[in-house]
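Please look at the sequence and the model together while reading.

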Amino acid sequence: MPVWGVAGPVTTAIALAAMVAGVALGLQAARPWWRLGGSLLGLAGLVLLLSRGAGALLVDAGDLARVSPAAGFWCLLLVFMMLMADALSALRPGPRLRLGLLALFLVGLAALLASGALSELSIMQEYRGRVAGFRTAAARHVALALGSLAAAAAIGFPLGILCHRRARLRSLAIPVLSFLQTIPSLAMFGIMIPVLAWVAATVPGAQEIGIAGIGFAPAFLALLLYSLLPVVANTVAGLDAAPPAAVEAARGMGMTDRQRLWSIELPLALPVILAGLRIVLVQNVGLAVIAGLIGGGGFGTFVFQGLNQTATDLILLGALPTVVLALVSAILMDILVDFARRTPKRESA
Amino acid sequence: MTAGGVLRTALSLLLVALVLWPHAFAPVFAPFAPERGPVIYDRVSLLSLSLSHLGLVAAASSLAALVAVTLAILVTRPAGAAFRPLSRTLTNVGQTFPPVAVLALAVPMLGFGAWPTLVALFLYGLLPIFENAMTALSTLPPRTLEAARGMGMGRFQRLWQVELPLAAPVILAGVRLSVVIGLGTATIGSTVAARTLGEVIIAGLLTNNTAFVLQGGLIVGLFAVLIYDALVRLEARIARRAGAGSARAG
Amino acid sequence: MIEIDRITKVYDDTTVVDEVSMTVETGTITVIVGTSGSGKTTLLRMINRLVEPSSGEVRINGEVTRDIPTHLLRRRIGYAIQGHGLFPHHTVARNIAAVPRLLGWPKDKIARRVDELLTLFGMEPAAFRDRYPAELSGGQQQRVGVARALASRPDLLLMDEPFGALDPIIRGRAQEDLRAIQQKLGSTIVLVTHDMEEAIRLGDRVGVMDGGRLVQHGPPEEIVARPANAFVAEMVGDAERPMRLLSLIPVRGLVEPGAAGGDPVPEGASLRDALSACLWTGRDAVPVERGGAVVGRITLDAIRGRVEHRA
């Protein structure tokens, strides 16, 4: 079937024109605003073609027929997304503007998905078949990523502060934590299983609070162990980076250790600490996929089911939300780091 | 020998023994195996799995290193400077893609087997090496470069004799990062039917055989830790030769 | 009055400060000068107990510092260091207010004090109050650093190479400002430096340290004119000594009646200025003025005689 046969000549012409114009605008190296506009135009064309195309292809097909975009679509999507990212990084929008753009993008994406324009696509059909399962998986994925982040922060901050003040503890803790990080994730998740099974069997009350060899607990613990290094290392690095003269002055003017920590060292270290949390969050969103292999839930469930059944759409149903979640976390954390850098505390004296 | 040296040797010997004579460890793993189930994974020899696992990572990482360093050299020359912002954006965005997702997304395009794993390892391995190489090459001490120019070195002489040796420790740190990620991602590669040690762990998970999970996890973990350690020491040695002054974090 | 009484610091087997005693009178500047490793900074840091003395004691107006909790002691002592040590995330006002806040002063009192100090240091409060340290020049940062150290009207101000990071011209101005402000407020200052020039310019008393010992302690004229040993002589600089000495003595004391040609020098000027005027104009004597009226002259011979007889 020729290209224009897919969605009708008019739609196809409009969509193709949009994409060509998008690429042409996107190549204006000196004009980032044009490039941003170009990437948006291109994306719009792509989506138009996708939504119309799927419907048209299915007109005469049976109920079991499915449409899914092929490699060409994904490549074009990637190209336009990269164009957009590049244009945005050249424009250097402030954190507030970035937050607004992110919200706008997410609202747009939600509207697109809710509008039904893409409902003919097989991945959306796959989704409709498991709405409840998808919600559970999403909630579990976020719980794993954020929960382990919170636990790592609760353990890592005090540990990092101690490491900053005691050189011996640091020379012990940092190498151990970096070795933990090198252990391949599947091995780490796997090794957690017998460890937690043993805990569940021997420690009284452990089972009642949900500790078991399989499922949420080993996944959570593995993610926690991976998260400790970036939290501790960045806390130490951030505290170390406080100007020595300022720390000396704080001591010399009679601040207690606690006052110095809270009003001088921690505020100065905040951007670096937040950068550590960004690493952890992005890393956890990705690693939480492995939880799907040990019954820990999350989007990984779909990915590995899909791989088992050679069901591309199921793989995508797990992988695409993971990628979106990772990107959104990265952007959000970058914004947060920016806020921490830009607004030195303006409390009244 | 230092305490670290003793530990290193002991772990290496343990790893070699585990890979070559796994059955000697049957009594250790037996308590974890299901009743009357197999204790030691022997559908495929652990040696061949290890070799194919390491081969996959070595091939992907060396190819990634070659391509990434070449690209980094290109964008740090005056002629390639225009591509620097774009390449930075690409690396930043690329690194937020979870490796597992990259692997899973490669399957619809490339099918099952070693290929999608290799491609995913290569693509993902590019990023840390490229990022480190670009940072290292663009933050060399300007006075040293000026001195090299002043004594009449040509562009290629400067690159080979001054810039690359000085940047080597940081580039190597990128390679280490990429190898560590590669070893982990290759393990998961067995879910897309690549021949790797992950197979042992997956088999254990599917049959509820904790003994398999443990021996697979132990072997992969030991490989990763020992390779990481070897690369760290190689880096330290090269950094000493490069004057140690450029001991930047990787 | 600050009394340092046989204070000693020993690290492992090395004696960094060895039984140093000195008295700092209220309202004076004492400069401790020495090479790096002489123990001068350790001595200074033992006064506010950033370093705990191994033996000996320090008394501030009779009160033994050992008996005061360190953080309370330090809040009573101003402390200004090289590279200013301002808090980069706090505004100028909040930096200056640091110690008064620690002491729990009421807000309006703090605000008044901040403005008062900024004005004293020649910085328009409305223009500087809300700036961040990174938005100031090097000289301004240094002034804010000293203002912060003075904010709570401390009994004593300790300064560790406070002008070390400044370039020579700004440094000279900063030294003059410090002298002027000290005289206006009557502060007691102990300042550490490696620069003998600075010591002679600023100090009412100068202490020279070498190898952990206080080798000489006295008014700057005495240090220059009668160095206690070869080390002090070297610090003063053999070639520079006559000039240093002349720069410390005002013309006033050597004026003799008589007339001379050329432009007059004020009687408050130093002998160094007078010598310079003689040499430059090629005369044996120049006139001296007081309040615009010539009161006599000063001769090359008199200057030479003053150097030969020392102090």
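In chain A, 75% of the contacts with a separation of 6 or more are between residues 24 or more positions apart; a contact here means heavy atoms within 4.5 Å. This is a predicted model, in which local features need pLDDT of at least 70 and side-chain atom pairs count only at pLDDT 80 or more, while totals for chains, interfaces and linings use all residues. Residues are numbered from 1 along each chain as its sequence is written, chains are lettered from A and ligands numbered from 1 in the order in which they are written, and side-chain values use heavy atoms, with hydrogens and water left out.

The secondary structure of chain A consists of 14 helices and zero strands. Helices (H or I, at least four residues) and strands (E, at least two) are DSSP runs, numbered from the N terminus. Of the 349 residues in chain A, 45% are buried. Buried means under 20% relative accessible area, exposed means over 50%, and partly exposed lies in between, with a 1.4 Å probe and protein chains only.

Helix H13 of chain A covers residues 300-308, and its buried residues are A:Gly300, A:Phe302, A:Val303, A:Phe304, A:Gly306 and A:Leu307. Just after H13(A), A:Thr310 adopts a positive phi of about 50°.

The aromatic rings come next. Over all chains, the structure holds six aromatic pairs. Rings of Phe, Tyr and Trp (its six-membered ring) pair if their centres lie within 6.5 Å; planes under 30 degrees apart count as stacked, over 60 as edge-to-face, and the rest as tilted. One of the pairs joins A:Tyr127 and A:Phe134, which are edge-to-face at 5.1 Å centre to centre, with 90° between the planes. Are these two residues buried or exposed, wholly or in part? A:Tyr127 is partly exposed, with a relative accessible area of 23%, whereas A:Phe134, at 17% relative accessibility, counts as buried.

A:Phe134 also pairs with A:Phe302: the ring centres are 6.1 Å apart and the planes are at 5°, so this pair is stacked. Because A:Phe134 lies in helix H7 (residues 131-165) of chain A and A:Phe302 in helix H13 of chain A, the pair ties together parts that are 168 residues apart in sequence. Both A:Phe134 and A:Phe302 are buried. Ring pairs link A:Tyr127, A:Phe134, A:Phe299 and A:Phe302 into a cluster.

A charge sits over a ring if NZ of Lys or CZ of Arg is within 6 Å of the ring centre and within 35 degrees of the ring normal. C:Lys109 lies over the face of C:Trp105, at 4.1 Å from the ring centre, and the charged end of C:Arg131 sits over the ring of C:Phe128, 4.5 Å from its centre.

The last topic is the interface. The contact between the chains draws 28 residues from chain C and 23 residues from chain A. Together, chain C and chain A bury about 2,200 Å², of which 61% is on carbon and sulfur atoms. Buried area is the accessible area (1.4 Å probe) that two parts lose on being put together, summed over both. C:Phe87, C:His89 and C:Tyr132 supply 26% of the area that chain C buries against chain A, more than any other three residues.

Across this interface of chain C and chain A, the rule finds one salt bridge, defined as a side-chain nitrogen of Lys or Arg within 4 Å of a carboxyl oxygen of Asp or Glu. The side chains of A:Glu248 and C:Arg45 meet in a salt bridge at 2.3 Å, N to O.
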